[in-house]
Amino acid sequence: TGSRSSTSSSVVTDYSLLLWTLCSVLLPVLITVWCSFQRSRRQMLIRDIFRKSKHDWHYTDLFGQPSYCCVCAQHILQGAFCNCCGLRVSEGCLKKADQRFHCKEIMMSSSGAHSSMPHHWIRGNVPLCSCCMVCKQQCGTQPKLCDYRCVWCQYTVHDDCMMDYLKTQKCTFGEFRDLIIPPYYLSTINQMRKEKRTDYEKVAPYCRKHWMPVIVLANTRSGNNMGETLLGEFKILLNPVQVFDLSKITPAKALQLCTLLPCNAVRVLVCGGDGTVGWVLDAIDEMKIKGQERYIPQVAILPLGTGNDLSNTLGWGAGYAGEVPVEQILQNVMEADGIKLDRWKVQVTNKGYYNLRKPKVFTMNNYFSIGPDALMALNFHAHREKTPSLFSSRIINKAVYFFYGTKDCLVQECKDLNKKVELELDGERIELPNLEGIIVLNIGYWGGGCRLWEGVGDEPYPLARHDDGLLEVVGVHGSFHCAQIQVKLANPVRLGQAHTVRLILKSSKMPMQVDGEPWAQGPCTVTITHKTHALMLYHSGEQTDDDTSSSSEEDRRRELTDED
């Protein structure tokens, strides 16, 4: 009997232990599942509110600065903010904010088309460095919702200074009035189009002679993924109708806005890498084909890519990482000078004159190459296609390039290139030394900031120009030679300048690239001829290289302006 009772008690103990073990394992799991369900349900409700709202709401788990809900005036760490007007609300006040506050009107009824606009005041959360337009004292120093900000002109006013006359005063759109498309403008243009009138210049806001509306095209997938943040900042400063996300709309469609604006007045700011700039310039070429030459805009660049050689050549810098305020970027766009950029046609015809396969045709803005740098670009491109999420940082991208360059130093996959190709410059054949790569340049910079044609040393060479209809052709001895050139320890092999370049690949398969778009190519003939000019904007305030190179770029730009 004693043994039976001890056995039953041990069984009960085992069951109790098993029960407690199950509870200790299942309870956290059930709590986690319940929390996940509640979070997903909450996110669905928030997304439903976002979808129906006129505001451009975005949810954040942590605001970057002290913030207060515009409805309940309570301090909030997380919640939603509007990318257009800057409202910030807690999660529970979203519906009330939608009902109580209007967002920026991107278009106004035609009844107010030619009249000025009143201020659109938003209370609270003003920038800490702002100044009251009435008393000229600093705003944003007091807690809670004590100050006002106009979503158009960005003027800020103290609560105590907000008098009745300020509430009825007309808005002048502030510092960037020359760049903003007013809400009443597009409605007026729509009415004029119905009347089949095209004299849009007569509707220029405030009767200003120097109105130069800007269109912002941002690629949210470029380089360091700053495009999403920039979109919101530009929408707050400008009319949201001027700001486009290229992951949602093509440049060709976005640029149709130019046809609703005065001729030869529009400026386009491209936020992305050199590939994004080429995409936009291709869309502008399509406008020319459609007979829309008079609406062609001038193009500025905010470099978000990895190499950014075209941006560097035009004075916009080697890469943007948020160090310059968006307000300063818009000021630079206003002050930039117009300049021309040569664009080239690259035709790749497979070997044999009677080959039935259609030739490949590319448009080149920066450079064409065959050899080690094209091989690095090809390997990088293949790696990025497999795991695109890893390539969200400019530093990581350059590290991958360095890895493949080091690998090629050991393997030398492109050796004896001079035995495999023939080079002709303006119809004259060039005798090639022992090379592994040939690079055809249209712009001054190559390889992420290296001035390849000028090189180093005292040997005089004319500066490479991007507007003279000439191409510079150089050779390299390998990946290690490319690295030496980039750190200014060696010069490339200068092969000459020409208006037309012809390269014949006689045998084997070699890596080629045009502006960072690489591929492996068999025997073929590559012909590079001038295609057209692009209207670009040159920013003379950016020092992109040493003082001598920068001053030379500035002198060259002045010479071009004098010629024009």
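Helices (H or I, at least four residues) and strands (E, at least two) are DSSP runs, numbered from the N terminus. Residues are numbered from 1 along each chain as its sequence is written. The model is predicted, so local features need pLDDT of at least 70, side-chain atom pairs count only at pLDDT 80 or more, and totals for chains, interfaces and linings use all residues.

**Stop one: the second largest pocket.** A pocket is an open set of points on a 1 Å grid over the protein atoms alone, where a 1.4 Å probe fits, with protein on both sides within 12 Å along at least five of seven lines; lining residues have an atom within 4 Å of a point. Select α5 (227-237), one of the elements that each supply at least two lining residues. With six residues, α5 gives the largest share of the lining. Next select P127, Q154, I236, L237 and E327, which of the 40 lining residues are the closest to the pocket's centre.

**Stop two: H158.** Select H158 in strand β9 (residues 156-158).

**Stop three: F234.** Select F234 and M536, the residues with the most contacts inside the largest nonpolar core, which has 99 residues. Such a core is a set of buried Ala, Val, Leu, Ile, Met, Phe, Trp, Tyr and Cys residues joined through side-chain atoms within 4.5 Å. Helix α7 (residues 274-289) supplies the largest share of this core, six residues.

Terms used
Side-chain values use heavy atoms; hydrogens and water are left out. Buried means under 20% relative accessible area, exposed over 50%, partly exposed in between (1.4 Å probe, protein chains only).
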